[in-house]
Amino acid sequence: MTKGEASKRRIIEAAGELFWKNGYTKTGISEILKATGLPKGSFYFYFKKKSDVAEAVLQYYGDMITDRLRSAAALSDSWASFCDRFLRTFQEELADKRYYGCPMAVVGTEVAFQEEGLARCYHEAIVEVRKIFIEVLRRDKIAERELEDLADLCLAIYEGDQILYRLSKDQDTLQRMNAQLKRVVRERG
């Protein structure tokens, strides 16, 4: 990675962390730069405005989440084992005190009506998560005609419980999410 690529990545990661913790609208460019330790010109070399870095952040988190879910899917032979694997990822991040709910939901829902381009990035990532869910649900012999509806229901549970976790900071919310995701599939299967 070149020095320039490293600087750009530092900006994206710092902005992402701040957007995730504080929200998009409450995070200013000066806060992002302070977190990176980079000069102001560095930001404007890579991004014209805050929404440009937010788009990069959504892409970054979208890739990170789908990579983690794909990895969990590749190592899982069933929906239940898949749920357990990605729950462990959340628990590891909680142990590091770095988990504030789904970063895609936090940033994506905040900007959905403000920034059309950002809403599109969020939607694209959610579509990828849905595809992964469908792939794993097929392993549980769910009827093809039910796959899309069941994946949508699982996605709603997944995102909804992560938002509830963000609001409550109650780690049991993620355990409930895991149980709900397993139950809804077991009952349909």
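Guide: Let's start with Glu-144, which is exposed, having a relative accessible area of 52%. On this scale, buried means under 20% relative accessible area, exposed means over 50%, and partly exposed is in between, using a 1.4 Å probe and protein chains only. The partner of Glu-144 is Arg-138: the two form a salt bridge, with the closest N and O atoms 2.9 Å apart. A salt bridge here is a side-chain nitrogen of Lys or Arg within 4 Å of a carboxyl oxygen of Asp or Glu. Arg-138 counts as partly exposed, at 42% relative accessibility.

A word on what you are looking at. This is a predicted model, where local features need pLDDT of at least 70 and side-chain atom pairs count only at pLDDT 80 or more, while totals for chains, interfaces and linings use all residues. Residues are numbered from 1 along each chain as its sequence is written, and side-chain values use heavy atoms, with hydrogens and water left out.

By the salt-bridge rule, the count comes to ten. Another of them joins Lys-49 to Asp-52, where the closest N and O atoms are 3.5 Å apart. Lys-49 is partly exposed, with a relative accessible area of 46%, and Asp-52 is partly exposed too, at 24%.

Now find Asp-84 and Lys-182, whose side chains meet in a salt bridge of 2.5 Å, N to O. Asp-84 sits in helix H5 (residues 79–95) and Lys-182 in helix H9 (residues 172–188), so this pair ties together parts that are 98 residues apart in sequence. The helix numbers come from DSSP: helices (H or I, at least four residues) and strands (E, at least two) are DSSP runs, numbered from the N terminus.

Asp-67, Arg-70, Glu-128 and Lys-131 are connected in a network of salt bridges.
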